[in-house]
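Good morning, and thank you for coming. Please look at the sequence and the structure on the screen while I go through them.

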Amino acid sequence: MEQAASHGDFGDKPLVVLTADSGSDAAWLAPKDDMATLSTNSVHRVIDGATHESLISDEEDAAATTQAILDVVPSVRSAGPLVR
């Protein structure tokens, strides 16, 4: 998170912030909301019941990760807004 924030402003480059909800509280979610403000073309998605590991290893949770990538690609190609 610090590394991403060190880049400053992403302008309107598409950015999807995924947060694993398992064990997250308001103190954990707030910095992720802040990270999403690095771009004017961003979305923050909280994946209910997910862990960091399950965002890759669990079929359902990994589908959310895949969908985030699939949403960013056309936005990059078209210079258009992200699908929400």
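This is a predicted model: local features need pLDDT of at least 70, side-chain atom pairs count only at pLDDT 80 or more; totals for chains, interfaces and linings use all residues.

Among contacts in the chain between residues at least 6 apart in sequence, what percentage join residues at least 24 apart? The answer is 67%.

In sequence, 63 residues separate Val76 from Lys13, and in space their C-alpha atoms are 7.3 Å apart. Val76 belongs to helix H4, which covers residues 59-78. Is Val76 buried or exposed? Val76 is exposed, because its relative accessible area is 53% and the cut-off for exposed is over 50%.

Let me turn to the chain as a whole. The chain contains 4 helices and 2 strands, and along the sequence they come in the pattern α-β-α-β-α-α. The radius of gyration is 13 Å, close to the 12 Å given by the globule rule for 84 residues, so the chain is as compact as a globular protein of that length. Along its principal axes, the C-alpha trace spans about 35 × 25 × 20 Å.

Next, the surface and the interior. Of the 84 residues in the chain, 33% are buried. The chain exposes about 5500 Å², and carbon and sulfur atoms supply 56% of that area.

Finally, the charges. The chain carries 5 positive and 14 negative charges. How far apart are the mean positions of these positive and negative charges? They lie 11 Å apart.

Thank you for your attention.

Note on methods
Residues are numbered from 1 along each chain as its sequence is written. Side-chain values use heavy atoms; hydrogens and water are left out. The radius of gyration is taken over C-alpha atoms; the globule rule is 2.2 Å times the number of residues to the power 0.38. Buried means under 20% relative accessible area, exposed over 50%, partly exposed in between (1.4 Å probe, protein chains only). Contact means heavy atoms within 4.5 Å. Accessible areas come from the Shrake-Rupley method with a 1.4 Å probe; for residues, only the protein chains shown count as cover. Lys and Arg count as positive and Asp and Glu as negative; His and the chain ends are not counted. The place of a charge is taken as NZ of Lys, CZ of Arg, CG of Asp or CD of Glu.
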